[in-house]
Amino acid sequence: MASQELKSADKNFAELATDLLSRARTHGATEADVMVADGETFSVQVRLSAVDRLTKAREKRLGLRVFFGKRSASASTSDFSKESLDRLVSDTCALAKAVVEDDQSGLPDGNLTAKDQPDLDLFDSTSLETEAQIDLARRGEAAALAADPRITNSEGAEFDSSSGRVLLGNSHGFLGEYRSSTFSISVSPIATAPDSGSMQQDSWYAVRHRFARLDSPESVGQEAARRAVRRLGARKLSTRRAPVVFDQEMAAGLLGNLFHAASGYALYKGASFLIGHLGKRLAPELVTIYDDGRLPGGLGSRPFDGEGLPTRKTTVVERGMLTSYLLDTYSGRKLGLASTGNASRGVGESPSVGPTNFYLVPGTTAPAEILRSVREGLYVTELIGFGVNMVTGDYSRGAAGFWIENGELAYPVEEITIAGNLKQMFADIEVVGSDLEFRGRIASPTIKIREMMIAGT
Amino acid sequence: MSTQETAELAQFGLGELEIRQALGRVKVRDVDYADLYFESRVSESVSMEEGIVKRATKSVSQGVGVRATAGEKTGFAYSDELTRKDLEIAADTARYIANSPQGAGTLPVTHRQRPNRDLYPAETSVADIATHERVDLLNLIDAEARRYDPRIKNVMASFNTEYKIVVVATSEGLLVGDVQPLSRLQVTCIAEEHGNRQIGTFGGGGRVGFAFYSERDRYRHYAREAARQAILNLSAVDAPAGIMTVVLAGGWPGILLHEAIGHGLEADFNRRKTSAFSNRIGTRVASELCTIVDDGTLPFRRGSLNMDDEGTPTGRAVLIERGILRGYITDRLNAKLLGIPLTGNGRRESFQSVVLPRMTNTFMLAGESDPQDIIRSVKRGLYAVSFGGGQVDITNGKFVFSASEAYLIEDGAITKPVKGATLIGNGPEILTRVSMVGHDLKLDEGIGTCGKEGQSVPVGVGLPTIRVDEITVGGTKS
């Protein structure tokens, strides 16, 4: 049962795409692009050492976007039969004729598409046997269960492997294809307080394009256990203002909010608190933020974006100044700016803007040193809820973490909220940690914010 | 044969024999149960912004999910090809978990019991609406929202439809199908005044036809409500921070029940004893005034289903009765392992996802208080009318949800609108503080989507006006 067995029939996607583009032209389309993707996934979940769930699948999908002058529509299907693709072409063309002209619509200029398609180290042909994958998940969970007597239960551990390829072609003659693979492990143990019996769950994970670079199951399991146990005995806080330190994961979340606000679609729609901020100061000098689509092995890396433009490194915030928005062709045209190669796209969808590897450049202060610099404050390790208003920047989310007293973590806290405004929060970044690690497309070191409102009892 | 199911199977180019063979292959000696879930889905979307309908998309997908369970173990595979060979590969993957040799026989289909009701008759929900009609509707919405107030600077609206045909075949001999339409109309307005920019959102939908949106002037109502909320927020003041008495309006604020109670009562978490509600059946988790149900049988509702995704007819499960926890919501696997009743809550996002116990329409039954009296009873507090989204930590019970329209209550009267505040609390405690329940039960407009383990499914919520004596409000103002 190696995942090889599920390898999809060898279809020539390039021919398929070229054929569809010419059929769209026959139907009267002035421009078109085609995206084809296929892939296979294998996922193992174990719980309390026993296999809980095995999932195996392969999928494929083809999407067509057509333009009739300034009118455009998209459609997609998982059925690659001739009849289905005939219907796809005629349906898409009919849809396009039914919508309204949009002056900015269209493919990117033909001379802007990617000329080179560098190998960014996104694919690893390692194929794991079913038993091997079960064993990896088991080892992760076992490490968590063995780490501390207070780890009493588990929501399980999961090991996933997947691989796939993406092909994009357009009527200007662009044709690009790349393969990628992903290996990931996560462990979710539950800790119980011996005295009160109250439970806390936490989890930890690792994800990589290459199997060999993945953290060991043991280290992931131990970290998951450490995170669950340290939450036991959490208290509430009284309502107050205090400095707030965001750990790596939570800081990455804040950066994600910033990405959203700096993306072209939010801006031209009037739905971003960063409207009119280009070239202005957003944060103190110690803040520099990049979006780099070509980081070797990066989880957000790809040789070309969802429109076939080359990916690149964009300086979004340079020493505190907002130097670039993040754009695809359409949102760029709406704002009178050039695309930054951030078109992100599901098969059969119009492009939107998405991050490649979006990160805050690390500073020199170790995270422990940041905590030591706080006399009284909050260290946030979990945020829940959707209380972020992109239009105004108003921010209010449920939080859990630790109360800091005299530079030490004094006790865990929960059932509190932290609130402020994103503009003010970025302006109030006082320290950027040295601990940048990529565990996703958006990454940040630990950061300290001068002060926020904490609501509790 | 001329049964409805055979007609639905034909949609997938399959006959009953192939189903029986595939089930025979997967339902081997050590497999307790196996099923096949065939799904065909056509989704269409048109969207408008800046006064023009710019985008139209259509997506077609079909496939099969094959599942086998053995004890607590589940083997699952899916494929978007429906050839016999693909079914066999999927069946072999699914039965791997049972460590049994390949099965050779066929399994009989013994009953094809259709749910004896039709909550969303297909003839009233034709997916095949001409695109220009959808375009016209969005244009009317744009005009209506802009007419509401000149400070409305942008209107974004989208209309999404989905038409799903499913067939479930099980190793216990069941073969049933359902046709499940779903649509949603969503309006977002941006208002601007002196550089102050605010957003308002409103929408509705259900398992309804296109005519639903014109009946009772619904689309105008959606447009005006989105505009009203955006304009209102222009004058909103900072939300307070700290513990307050909160009055929740009827309808969508029922998301409180979904987050604080509903997820914690899903049987999978309770079988694994990882929920804050584990082992609490029969104990008090809410005040006497609270009776909460999950009901998948309400006609045309977004969260409703004739049958769940395992072919079990949906029903009405009483979760909390006069404050006492009565039961969990279940799918087949968890009901069997826990030895508790099957409630028809086994749901999946698509053929690509596994079945999980999920909510349908979750709401609190009406009480006896007059909603006006409830507001008048509060000296200083918050009146929350509409919410964005919510989230819960199942294990420690902590939940949050964020208000998108809320007001201060001062001396029993609603006064100033406040900016989005997050409410946070503890699931097993929060409803013990409900001191008044209104007689005005209202269900939401039909926009809810619930996420769990990465799977999204449509759900509904409902609530009468209620008074909660203490909730932590996460504002910015001390």
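In strand β6 of chain B (residues 196–206), B:G203 is the bridge partner of B:Q186. That pairing joins β6(B) to strand β5 of chain B, antiparallel, over 11 bridges. The model is predicted.

**Strand β5 of chain B and its partners**

- β5(B) and β6(B) form a hairpin with two residues between the strands. In that turn, B:H194 has a positive phi of about 45 degrees.
- β5(B) also pairs with strand β4 (residues 152–170) of chain B. This pairing is antiparallel too and runs over 17 bridges.
- The hairpin of β4(B) and β5(B) has four residues between the strands. There, B:G173 takes a positive phi near 95 degrees.

**B:C189, a residue of β5(B)**

- B:C189 lies in strand β5 of chain B.
- Is B:C189 buried or exposed? B:C189 counts as buried, because it has 31 C-beta neighbours inside 10 Å. The cut-off for a buried residue is 20 or more.
- Neighbours within four places in sequence aside, B:C189 is in contact with B:A145, B:I152, B:V155, B:G200, B:A226, B:A227 and B:A230.
- B:L305 is 116 residues from B:C189 along the chain. Their C-alpha atoms are separated by 32 Å.

**Contact between chains A and B**

- Chain B gives 67 residues to the contact, and chain A gives 60 residues.
- On the chain B side, the largest share comes from strand β2 (residues 52–70) of chain B, with 12 residues.
- By class, the chain B side has 21 nonpolar, 31 polar and 15 charged residues.
- Strand pairing also crosses between the chains: four bridges join strand β3 (residues 71–77) of chain A to β2(B). These two strands run parallel.
- One bridge in this pairing links A:T77 to its partner B:V60 in β2(B).

**A six-stranded sheet in chain B**

- This open sheet has the strand order β10-β9-β8-β13-β22-β19 (chain B). Its pairing is mixed.
- Which strands are at the edge? They are β10 (324–325) and β19 (442–443) of chain B, and each pairs on one side only.
- Inside the sheet, strand β13 (residues 361–364) and strand β22 (residues 460–463) of chain B run parallel and are joined by three bridges.
- B:N361 has B:G460 of β22(B) as its bridge partner.

**Helix packing in chain A**

- Helix α1 (residues 13–26) and helix α2 (residues 82–98) of chain A have axes that come within 10 Å and cross at roughly 45 degrees. At that angle α1(A) is oblique to α2(A).
- The crossing of α1(A) and α2(A) is right-handed.
- α1(A) makes this contact through A:L20, A:R23 and A:A24, and α2(A) through A:L85, A:V89 and A:C93. Five of these residues are nonpolar, none is polar and one is charged.
- Helix α3 (residues 130–147) and helix α4 (residues 217–229) of chain A pack at an angle of about 40 degrees, with axes 7 Å apart. So α3(A) is oblique to α4(A).
- α3(A) passes α4(A) in a right-handed crossing.
- Residues of α3(A) in this contact include A:L136, A:R139, A:G140 and A:E141. From α4(A), they include A:P217, A:E218, A:V220 and A:R226.
- The contact of α3(A) with α4(A) has nine nonpolar, three polar and four charged residues.

**A buried helix in chain B**

- How many residues of helix α6 (residues 255–262) of chain B are buried? Eight of the eight are, so the helix is largely enclosed by the rest of the structure.
- The buried residues of α6(B) include B:H258 and B:E259, along with B:I255, B:L256 and B:L257.

Notes: Residues numbered from 1 in each chain as written. Chains lettered and ligands numbered in written order. Predicted model: local features only at pLDDT ≥ 70, side-chain atom pairs only at ≥ 80, totals over all residues. Pairing = 2+ DSSP bridges. Axes fitted to C-alpha atoms, helices over the stretch in contact; angles between N-to-C directions. Parallel < 35°, antiparallel > 145°, perpendicular 65-115°, else oblique. Left-handed = near helix turned anticlockwise from the far one by under 90°. Contact = placed C-beta atoms within 7 Å. Nonpolar A, V, L, I, M, F, W, Y, C, P; charged D, E, K, R; others polar. Buried ≥ 20, exposed ≤ 12 C-beta atoms within 10 Å, placed from the backbone.
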